[in-house]
Amino acid sequence: MPISYCVSAKKASVVTESVVGNFTGQDNVDLIVARGNRIDVQLVTPEGLKNICEIPIYGQVSTISLIKFRREKQHSLVVVTDKFNLAVLGYRDGKVITRAAGSIAEYSGRSAETAVAMTIHRSGLLAIIGYEGSVKMVHWEPGADVRHFNVRFDYPNVSDFKFVDTGDDDTVRVAFIYDDDHGKHLQFSDLNMHDKEFHTFSKQSCIAADSQVLIPVPAPVGGVIVLGANSALYKASDVNGDVVPYSCSLLKNTIFTCHGIVDASGDRFLLADTDGRLLMLLLNIGEGRSGTTVKEMRIEYLGETSVADSVNYVDNGVVFVGSRLGDSQLIRLMTAPNGGSYSVVLETYTNTGPIRDMVLVESDGQPQLVTCSGADKDGSLRVIRNGIGIEELASVDLAKVVGMFPIRLRSTTDNFVIVSLPDETHVLKITGEELEDVQLLEIDTERTTMYASSLFGPDDSELVLQVTEEEIRFMSFQKQLKIWKPTNGESVSKVSVNAIHGQIVVAARDTVYYLKCIVDEAGALDIQIVAERKFDAEIACLDISNEGDDYTKPGTFMVLALWGSFSMEVVQLSDLKTACQTNLPSKIVPRSIVATCIEGVHYLLVAFGDGALIYYVFDIKTGTHGEAKKSSVGTRPPSLHRVRNKNRQHLFVCSDRPVIIFSANKKLVFSNVNVKVVNTVCSLSSTSYRDCLVISDGNSMVFGTVDDIQKIHIRSIPMGESVMRIAYQKSTGTYGVCSSRSETKPDRVYASKNALASSQSRAKIVATRNEVNDGPPASTSSFMILDQNTFQVLHAHEFGPFEAAVSCISGQFSDDSRQYYIVGTGLIYPDESDTKLGRIIVFEVDDVERTKLRRVHELVVRGSPLALRILNGKLVAAINSSVRLFEWTADKVLRLECSNFNHIVALDLKVMNEEVAVADLMRSVSLLSYRMMEGNFEEVAKDWNSEWMVTCEFITAESILGGEAHLNMFTVEVDKSRPITDDGRYVLEPTGYWYLGELPKVMVRASLVVQPEDSTIEYSHPIMFGTNQGTIGMLVQIDDKWKKFLVSIEKAISDSVKNCMQIEHSTYRSFIFQKRIEPPSGFIDGDLVESILDMDRSVAIDILRKVSDKGWDASLPRDPVEMLKVIEDLARMH
């Protein structure tokens, strides 16, 4: 039986919580951000945020906080996970250490419905609210064990709970808001540490009914600020303490999401709300009847940000806004307004979560995922692909370009481009955004140019070098010219140049010349031969380099490949003596070679005429290299070019499948480019085209900027409203998107209100209630048609009040050549738990005028069509507790054919061949088979466990992957070895249990990467899933013979690398649902396995030496180096 290998193609991006403090040092300011199952630590520097480390957490981070213990000047970090594991982390000698850890779970208690919250007393006592009816108190001092106890706390409907700073470590006072039949109340209670009970100290009865949030004010002021939707209140903690009410126009039905302190004295606080507003709360502190107190307060508007879930004042007016629903931001507060805002965005951190739906699309032959991400004003579509995008700035129609070379002449930016054609050369002068064909110095424009550049720069150079097949031309701005020709009478065949130091390596058939360009004191030009050597075969390709491949330093060696011997040599530049020779693993002619250094690792790369590319890790001190690794970069001869992007060097592979090669964690990464064909490329940085690439496909030259060099590229399309479902229709080149908008701000841009065309409809049903009495709906739902390339909204169809679009697909019915969008809606009223009525609507997009959306048919159904799929040209729908099949008649009408009713609520459907997998709200998954001859569904198999489902997907026709509401995943398979039950069904036997730690919202059978042909380990049935934390995960099936191999490696790594939470990996990944615990099985933790690639190689090898090979298949590798290659191949799948 295959085993499931689960790995993150893109890690979680939702910010759970963030804090600022002195974690890495008493004089350092650190921003610490929790994202899913990891914590990022960044140091605040004058240049910006600097990544210090990433802390992996065995668990989903629920809350974090910084604490400074007595007699310590450095903060420690307290982490609490969703399974109530707690750890106190410190940072010593450049490493994260665990100072204390333990479980604070209560297996007899009932988890609270609200999120886990933590508040810290000035004495170091922690209060954690995670269970109903009690507060967990945790106490730890350095050198002691973690102690915790429960304090009874049975107040009803508690809105917020905080420690109050009284200025006394021995007084443990809390403030909380609760409501009863008489209204909402603010109460202060003292904790008796001996009796472990709360005793009421004071109470402010009947505060505003909309009070939500408590903000403790630091001593000596003390007390708390109470924030409500329409007012604020300061209350001192003393019995007769001051009460200061406040209200203003900014507080109007406001729902606050978070707050953060600005000054240690507590004079200023940052506030954020659900509208994305950033506000400043200012306190006027003075003397009152109870001592130092708040005399008055006011709230000011600072600007609009993403909807914040955490907000932290970092330093010097810089604020970090962490978001769950949108991109996180680093902003600067300004003293003067700009367009009504006192803030400006410095940096944006992409967040794809929460992912509600996604679809796989082929674009220019490259697969990409389009996700429905975020919510409300931060709702967006995200286009996710494995590769790098080039955004076109300008283009020039110029065919048959074979080479492009930027020239920086008497300038600090590139001001000319020499363009080489098969029989001539053009010099293009760059003036602003314009290009002009000119004559420059003594450039030979009658021949093709093999190489050209300015010399001894890079800036303000007055010298230009041009290499043609006939000669080398060295010229100056003073109209001097020096020409050199090969002394063996042959033409120049290959050339490589170090332009800053005037070094040239030239091949003329089998002879190599090492030349230097010289300028004497009088300004005379000369080209001198330093060394010359004749090789045994003709030179196929060559490259000049040095240690570090630093273009600002002189070249020290060269690499070349030979035609006849199919070998590669590393040659010392000074005397052209061979330092290392290697036979290449291919008998195809090598066409391009580069010796480079990326992230401190030296590589030799050779591209062959059949599109293959091999590379070696090269030890420059010993002149030796490792084993060859192979990759395919096209079907035609590729060429390798050094390019620079944002002051970093990368390699661009020109071919019919262009690739940018870069390094991540000292591993080479091959990332596709969103261009079909690239013949040649060069870097360019002019006044108008800063830090860009110029590429040619043989028909035109394109000037473009490059996306951030990264493995996964994400493009964001803001929608301004929640996007719920998405479908793709290839025949019309459009997307169909279901959205929901809440028009809280009239000036906000909503995608559904900016369509080129619009229409409306509402269900034609007999009213079951008087909607007039329901009041206005909270949101309006629409179905939009978007252009595939531009994402312009072509048409928006708006549904009636309380009608929400809950599903949509694109599909084709039997005996009908047209493609349709099919949308499911439900009439959802706030006071009804079940949807009683809904519609299935069939839309058609006009092929010519795509702004036209025709409503072909609509069918009223009793319930919400939560999922729709096409099954053999018919429509299968999950409608409340039933699964129904509709056929499409010749009259273009949906007619019910059959139904299956054995469900609580059918949430999701997936189809494979004749089978339908159904994910039920409470009854796990079941497998239906459509019997065409009988015209009905047969329930073939069922999982009898009670799993609360979210989504599912077929692995094969008889095995299913399930995503469960308690952050788990599992696999089931039809067990034909067991007898059929009395009602004629097989059992879906569980084959794997795994704790994911995130809510899997959607699953699709897809992969962004083609399986490498030379991979040592094969996989099948790839499934990609999206989660509420923004993770894009991948799950593949690996043959059973690899099972013990992968399990052994996983165990060796988990045994060697202890997590900071100090729990076992098997405990972390255990499937838990209420009191039921299943040990992890049937899954391999790909993130853990591939983490060995980020370790020092010697450490990784030592770990793999400890792997037990008991029971392995005889064909599997035992050598640690070979095992590491297998893991590298696994990492290439995503």
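## A walk around a predicted model

F791 sits in the loop between β66 (780-787) and β67 (793-798). Keep in mind from the start that this model is predicted. For background, most residues other than glycine have a negative phi, and most peptide bonds are trans. Is F791 buried or exposed? Buried means under 20% relative accessible area, and F791 counts as buried because its relative accessibility is 7%.

K479 has a backbone angle of this kind too: a positive phi of about 65 degrees, although K479 is not a glycine. Look for K479 in the loop between β40 (472-476) and β41 (481-484). Its relative accessible area is 68%, so K479 is exposed.

**Two cis peptide bonds**

A219 and P220 are joined by a cis peptide bond, with omega at about 15 degrees. You can find P220 in the loop between β18 (211-216) and β19 (224-228). G353 and P354 are also joined by a cis peptide bond, and here omega is about -15 degrees. P354 belongs to the loop between β29 (341-349) and β30 (355-363).

**Two helices**

Now for some helices. Helix α1 covers residues 1043-1056, which makes 14 residues. From its first C-alpha to its last, α1 reaches 20 Å, close to the 20 Å expected at 1.5 Å a residue. Which residues of α1 are buried? They are F1045, L1046, S1048, I1049, E1050, A1052, I1053 and S1054.

Helix α5 runs over residues 1120-1131 and has 12 residues. The helix α5 reaches 17 Å from first C-alpha to last, close to the 16 Å expected at 1.5 Å a residue. How much of α5 is buried? Nine of its 12 residues are, so α5 is largely enclosed by the rest of the structure. Those buried residues are P1120, M1123, L1124, K1125, V1126, I1127, D1129, L1130 and A1131.

**Salt bridges**

How many salt bridges does the structure hold? The count is 61. Here are some of them, with the distance between N and O atoms.

| Pair | N to O distance |
|---|---|
| K377 and E304 | 3.5 Å |
| E627 and K1125 | 2.4 Å |
| E743 and K753 | 3.1 Å |

Take the pair of K377 and E304, whose side chains meet in a salt bridge. This pair links distant parts of the chain: K377 is in the loop between β31 (366-373) and β32 (380-388), E304 is in strand β25 (residues 291-304), and they are 73 residues apart. K377 is buried because its relative accessible area is 17%. E304, with a relative accessible area of 37%, is partly exposed.

E627 lies in the loop between β53 (624-625) and β54 (629-632), while K1125 lies in helix α5, so the pair ties together parts that are 498 residues apart in sequence.

E743 and K753 form another salt bridge. Both lie in the loop between β64 (734-741) and β65 (757-760), so the pair ties together parts that are 10 residues apart in sequence. E743 is partly exposed, with a relative accessible area of 43%, and K753 is partly exposed too, at 48%.

Salt bridges can also share partners: that is how K11, R35, R38, D40 and E54 are joined into one network.

**Charge on the surface**

Which residues gather in a patch of negative charge on the surface? They are D423, E424, E436, D437 and E446. One of them, E446, lies in the loop between β37 (434-438) and β38 (449-454). E446 counts as exposed because its relative accessibility is 64%.

**Back to the start of the chain**

Finally, visit P2, in the segment before β1 (3-10). P2 counts as partly exposed because its relative accessibility is 46%. How far is P2 from N338? The two are 336 residues apart in sequence and 60 Å apart in space, C-alpha to C-alpha.

Key:
Residues are numbered from 1 along each chain as its sequence is written. This is a predicted model: local features need pLDDT of at least 70, side-chain atom pairs count only at pLDDT 80 or more; totals for chains, interfaces and linings use all residues. Side-chain values use heavy atoms; hydrogens and water are left out. Patches are made of residues with over 30% relative accessible area and no salt bridge: like charges are joined within 9 Å, nonpolar side chains (Val, Leu, Ile, Met, Phe, Trp, Tyr) within 5 Å. Accessible areas come from the Shrake-Rupley method with a 1.4 Å probe; for residues, only the protein chains shown count as cover. A salt bridge is a side-chain nitrogen of Lys or Arg within 4 Å of a carboxyl oxygen of Asp or Glu. Lys and Arg count as positive and Asp and Glu as negative; His and the chain ends are not counted. The place of a charge is taken as NZ of Lys, CZ of Arg, CG of Asp or CD of Glu. Helices (H or I, at least four residues) and strands (E, at least two) are DSSP runs, numbered from the N terminus. Buried means under 20% relative accessible area, exposed over 50%, partly exposed in between (1.4 Å probe, protein chains only). The expected span of a helix is 1.5 Å times one less than its number of residues.
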